[in-house]
Amino acid sequence: MTKIRHASLNDLEKLSEVESLCFPPAEAAGRQSIERRLKVFPNHFWLLFECDETGNEKELISFINGLVTSRKDLTDEMYDNPLLHEEKGDWQMIFGVDTNPAFQHRGFASKVMEQVISDAKGQGRKGIVLTCKEKLRTFYEKFGFESEGVSDSTHGGVVWLQMRLEF
């Protein structure tokens, strides 16, 4: 059994652990960065937990997070400056889609993404923007994201594609 909920500061250690398992050090958000985000936009973290038969959380499997803004493109400064968050902004940005490697390729990230899409639509956003590596393009395309080409982002020193899902 699984459940999805929003985050609180109490989730900081679990989030930091899964983030460090999912991304190389140059790309991973550090503990302090995650903490700053949690203090500003905890309701824009979607956490999927494995639960026992009574609904008690056992393990953090997957999560997605990102701020909301009226800016149309995801920029590197957004990753470390949660004060750029605009709760009534037009675009839900996604900074990371993290799934503990022990649980990957079992549909968990898709389940969280479907919830993020549903929530962003329900909040009246224009859509969702993220960046990804070329190898993940088809994963995001299955949700309706379209590639806008190479992003201006130099985060982690790698090449990113900007992907957009317009509602």
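Exposed means over 50% relative accessible area, buried under 20%, and partly exposed in between (1.4 Å probe, protein chains only). Helices (H or I, at least four residues) and strands (E, at least two) are DSSP runs, numbered from the N terminus.

This is a predicted model, in which local features need pLDDT of at least 70 and side-chain atom pairs count only at pLDDT 80 or more, while totals for chains, interfaces and linings use all residues. Residues are numbered from 1 along each chain as its sequence is written, and side-chain values use heavy atoms, with hydrogens and water left out.

Stay on helix 2 (residues 31–40) and select Ser 33, Ile 34, Arg 37 and Leu 38, its buried residues. They lie on the same side of helix 2 because they cover an arc of only 135° around the axis, taken from the directions from the helix axis to the C-beta atoms. An α-helix has 3.6 residues a turn, so residues three or four places apart point the same way.

Next, show what covers these buried residues: it includes helix 1 (12–22), strand 2 (45–51), strand 3 (57–65) and helix 3 (76–80). Contact means heavy atoms within 4.5 Å.

Now select the open sheet, whose four strands have the order 1-2-3-6 with antiparallel pairing. Strands pair if DSSP finds at least two bridges between them. Strand 1 (2–6) and strand 6 (96–99) stand at the edges with a single partner strand each, so one side of each has no neighbour in the sheet.

Finish on strand 1 and strand 2, which pair over five bridges; Ile 4 has Leu 48 in strand 2 as its bridge partner.
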